[in-house]
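Subject: A structure for you to look at

Hi there,

Here is the structure I promised to pass along. Please have it open beside you while you read; my notes follow below.

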Amino acid sequence: MNRFLNKAIFALALLLVGTGMAHARDQVKISGSSTVFPFSSYVAEELGATTKFAAPVVESTGSGGGHKLFGAGMGVGTPDIANSSRRMKDSEFENAAKNGVTDITEAKIGFDGIAVAQSKDNDPMSISLEELATAVAADIMVDGKLVPNPYKMWNEINPQLPARKIVFYGPPTSSGTRDAFEEMVVEKIFGKKEGYEKGYHAIRQDNAYVPAGENDNLIVQKLAKDKDAFGIFGYSFLEENADSIQGAAINGVTPNPESVASGQYPISRSLFFYVKNAHYDAIPGLKEYVELFMSEKMIGKDGLLKSIGLIPLPDAERATARENVLSKKKLTLDDLKK
């Protein structure tokens, strides 16, 4: 009986979308990454200010939370777009397909670096990627045994580093920034080392790493009060708050637009959003919002989003990304494995 009821509800949701009855909602609904949030919000405000359409509603739920809501099913109760600071996971794609969300287009919008930032009142900090991974990993190899991370001070990792308490305010497990940081820092250093399980990426859970929610602005505020602490967040927040915080150099490279775009800065990543193509005909302004977001006006090499921290894709890659989105190229599981 429950299976029949679920199928009936799903069928009704599809009917609402397909017949245009979804006009009961006259705003585009977007959920997901806190890193993509400021860019998405900027485009939403621009759409509301320059067209007849209402500004889309953008929620910062973290990439994982956004994909969960996006993939829960079809219809007006679900988001039209999921913002993501990493690629959609295979498991998220499969879950969406199971719930009837089978026609998705991936939009790659630009690059972002993950900044490891501190108060500008502190002396500049330069650390290696391995030192950073050692400071945040849940487990460390000591005398041939894997033990809970014992390091409390930076100079315990490297005597040349300051005698300063190890404290990070970082993203929670629902965040794409957390996923990317685990992969590009901890897994890259320890995921292939002897004694660690393959793909190891665990972050310590003691007071040295404090999950600080999805609001990166709160992390910035904490750095002003706690001079020992480092914050972990998208590069755009570093750029927006350059008057009060500074990024640490990683492997001798400081985060800036050039080092992130070139990949020289070792914690660089791509940013995305995902669209339900079946919602285009049902939700007013969805088509116009997507077209505006992918326009040169927004993501071009001199686009408006560059001014708030988005690092543009190279010209050819940007043109391909735009063509894929405007043609509603259907995302496949094989695409995600490339």
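Where does Ile-267 lie? You will find Ile-267 in the loop that runs between helix H10 (257-262) and strand E13 (268-276). Before going further, please keep in mind that this is a predicted model.

On confidence, the average pLDDT of the chain is 91, and 93% of the residues score at least 70. Residues 1-12 are another matter, with pLDDT below 50 and three contacts in the model beyond near neighbours in sequence. Residues 14-22 also stay under 50, and for this stretch the model has 11 contacts beyond four places in sequence.

Is Ile-267 buried or exposed? Its relative accessible area is 0%, so Ile-267 counts as buried. Ile-114 sits 153 residues away from Ile-267 along the chain, yet the C-alpha atoms of the two are separated by 5.6 Å. Ile-114 is also one of the residues that Ile-267 touches, once residues up to four places away in sequence are set aside.

How do the two helices cross? The axes of H5 (residues 129-136) and H7 (residues 176-190) come within 9 Å and cross at roughly 100 degrees. Angles from 65 to 115 degrees count as roughly perpendicular, and H5 and H7 are therefore roughly perpendicular to each other.

How many residues of H5 are buried? Seven of its eight residues are, which leaves the helix mostly covered. The buried ones are Leu-129, Glu-131, Leu-132, Ala-133, Thr-134, Ala-135 and Val-136.

One more loop residue for your list is Thr-78, placed between helix H3 (63-70) and strand E3 (81-84). Thr-78 has a relative accessible area of 9%, and it is buried because the cut-off is under 20%. Apart from neighbours within four places in sequence, Thr-78 is in contact with Arg-25, Lys-29, Leu-69, Gly-73, Lys-276 and His-279.

Notes. Residues numbered from 1 in each chain as written. Predicted model: local features only at pLDDT ≥ 70, side-chain atom pairs only at ≥ 80, totals over all residues. Heavy atoms only, no water. pLDDT = per-residue confidence, 0-100. Contact = heavy atoms within 4.5 Å. Helix = DSSP H or I, 4+ residues; strand = E, 2+ residues; numbered from the N terminus. Buried < 20%, exposed > 50% of the residue type's maximum accessible area, 1.4 Å probe, protein only. Axes fitted to C-alpha atoms, helices over the stretch in contact; angles between N-to-C directions. Parallel < 35°, antiparallel > 145°, perpendicular 65-115°, else oblique.
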